[in-house]
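Subject: Structure for your attention

Dear colleague,

Please find below the structure that I am handing over to you. My notes on what was found in it follow.

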Amino acid sequence: MKSLQNRLITLRNRLWLAVLIVAMSLGWGATFVRAASLSSASVTLSDSRPSQTANYNLKASSVTTSAIKCVKAVFATTVSGNTKPSGMVTATGITLDASTDYVPTPAGWTRGGSDPDGTITFTNASGETPASSSSRHWVLDGLSNGNTVDTNYYLRFSTYNNTDCVSNGVDNVNLTFIFTTGQTLSLTVDPTLSFTVNSVAASQGCNGATSTQASSSSTIPFGTVSLAANSIVCQDLTVTTNAGSGYTVYIRYTGKPTSGGFQISDHTGSNASPTAFSSPGTEAYGYTTDDASLQAAAANRFISDLWAAATTTNAEVAYDAAPVSSQTTRVGHQVGISGTTRAGIYTTSVIYTATPVY
């Protein structure tokens with residue numbers, strides 16, 4: 001009886017030894033026994049929409065700081081399968097991004113030449129050791145996403161100390177990812193326009209001239225005008241608009257300044273071709289603007305104390321080709337009289353019109 005028991009024990013030990021020898025010969029011990037699981041692992045897609053080209057950024061900790069010669073990523077429809085997601089392209093165009101820090105020199109790693117579809121390997125025959133065990137990134141560029149949304153897919157990531165990408169496993173982790181349809185965002189922005197006419201005090205610069213009287217936001221009061229000096233009144237026009245093509249401010253009057261049956265003559269210059277204002281002692285009324293970016297004719301035609309006659313049709317005095325915020329243009333008005341200008345109180349209406357261009 002004892003002899004039979006001894007023979008059974010000997011037979012059992014021989015069977016265990018045979019299993020161990022077979023396992024070692026198949027590389028089971030090298031591939032699975034030594035492999036360690038990564039922690040705090042995730043994979044981030046730069047663009048998760050279906051059929052888009054994206055980079056895949058795997059981040060992990062608990063990285064084994066020993067030499068590795070192969071890094072393998074398997075994209076599959078099941079956690080242990082080898083069928084890639086429908087429509088996903090992994091065979092060509094995949095590169096290792098320069099931001100990869102899982103290994104010290106990602107440029108020294110080469111894409112595997114015979115990877116099955118859905119598998120991406122990079123090898124380095126000399127081997128490299130991760131610089132740190134935490135927060136390591138392995139970033140693949142140029143993958144084409146699959147074409148099915150809202151379905152879990154799997155990434156099996158593993159490293160090996162052998163370029164065959166099978167034996168001498170070092171680290172591994174299983175991750176999930178999903179493709180999602182991009183969301184259409186929409187909103188409406190109402191068109192806006194703010195336009196104000198603001199007063200300018202006396203003795204202020206006005207496109208090369210100097211105001212002699214203060215204005216208000218609604219009046220251009222020249223006061224009593226003498227032969228010895230022309231009278232100059234200025235106003236500031238301020239515009240805010242979100243119009244894509246900017247705005248134009250126009251000026252016109254209802255007619256020449258009039259007192260009874262008498263009128264003040266127009267200045268000789270025009271909006272398209274302004275000229276220097278007449279010297280004191282000459283009867284004339286006109287306007288100027290300090291906007292150097294006008295649209296019609298020469299953009300800066302009014303600069304340097306040049307003036308134009310007002311008309312009963314719109315003429316531009318301010319312009320911008322883009323949206324603006326609180327953009328101010330100074331417009332000046334000047335009048336002179338002669339020795340034959342009839343006594344009286346002369347009036348007219350000056351009209352500014354701000355027009356946004358959408």
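Predicted model: local features only at pLDDT ≥ 70, side-chain atom pairs only at ≥ 80, totals over all residues.

A disulfide is taken here to be a pair of cysteine sulfur atoms within 2.5 Å.

Disulfides

By this rule, there are 2 disulfides. One of them joins Cys-70 to Cys-165, with an S to S distance of 1.9 Å. The link of Cys-70 and Cys-165 is right-handed, with 105 degrees about the S-S bond. This pair connects distant parts of the chain, for its cysteines are 95 residues apart: Cys-70 belongs to strand β4 (residues 68-76), while Cys-165 is found in the loop between β9 (153-160) and β10. Both Cys-70 and Cys-165 are buried.

Another disulfide is formed by Cys-206 and Cys-234, whose sulfur atoms are 2.2 Å apart. The link of Cys-206 and Cys-234 is left-handed, with -120 degrees about the S-S bond. Buried means under 20% relative accessible area. Cys-206 therefore counts as buried, at 0% relative accessibility, and Cys-234 is buried with a relative accessible area of 0%. When the bonded cysteines are counted along the chain, the disulfides follow the pattern 1-2, 3-4.

In soluble globular proteins, nonpolar side chains tend to be buried together. The largest nonpolar core in this model has 31 residues, of which Tyr-56, Phe-75, Trp-138, Leu-140 and Phe-177 touch the most other members. Two or more residues come from each of β2 (39-45), β3 (53-61), β4, β7 (119-128), β8 (136-144), β9 and β10. Apart from this core lies another, of 26 residues, which includes Leu-237, Tyr-287, Ala-315 and Tyr-346.

What does Phe-177 contact, leaving aside its neighbours within four places in sequence? Its partners include Val-43, Leu-45, Tyr-56, Phe-75 and Pro-85, and also Thr-151, Asn-152 and Tyr-153.

A surface patch

Leu-185, Leu-187 and Val-189 make a nonpolar surface patch of about 370 Å². Leu-185 is placed in the loop between β10 (169-177) and β11 (193-199). Since exposed means over 50% relative accessible area, Leu-185 counts as exposed, because its relative accessible area is 70%.

Yours sincerely,
A colleague

Methods: Residues numbered from 1 in each chain as written. Heavy atoms only, no water. Patch = residues over 30% accessible without salt bridge, like charges linked within 9 Å, V, L, I, M, F, W, Y side chains within 5 Å. Areas by Shrake-Rupley, 256 points an atom, 1.4 Å probe, with all protein chains shown as cover. Salt bridge = Lys/Arg side-chain N within 4 Å of Asp/Glu carboxyl O. Helix = DSSP H or I, 4+ residues; strand = E, 2+ residues; numbered from the N terminus. Buried < 20%, exposed > 50% of the residue type's maximum accessible area, 1.4 Å probe, protein only. Core = buried A, V, L, I, M, F, W, Y, C linked by side-chain atoms within 4.5 Å. Contact = heavy atoms within 4.5 Å.
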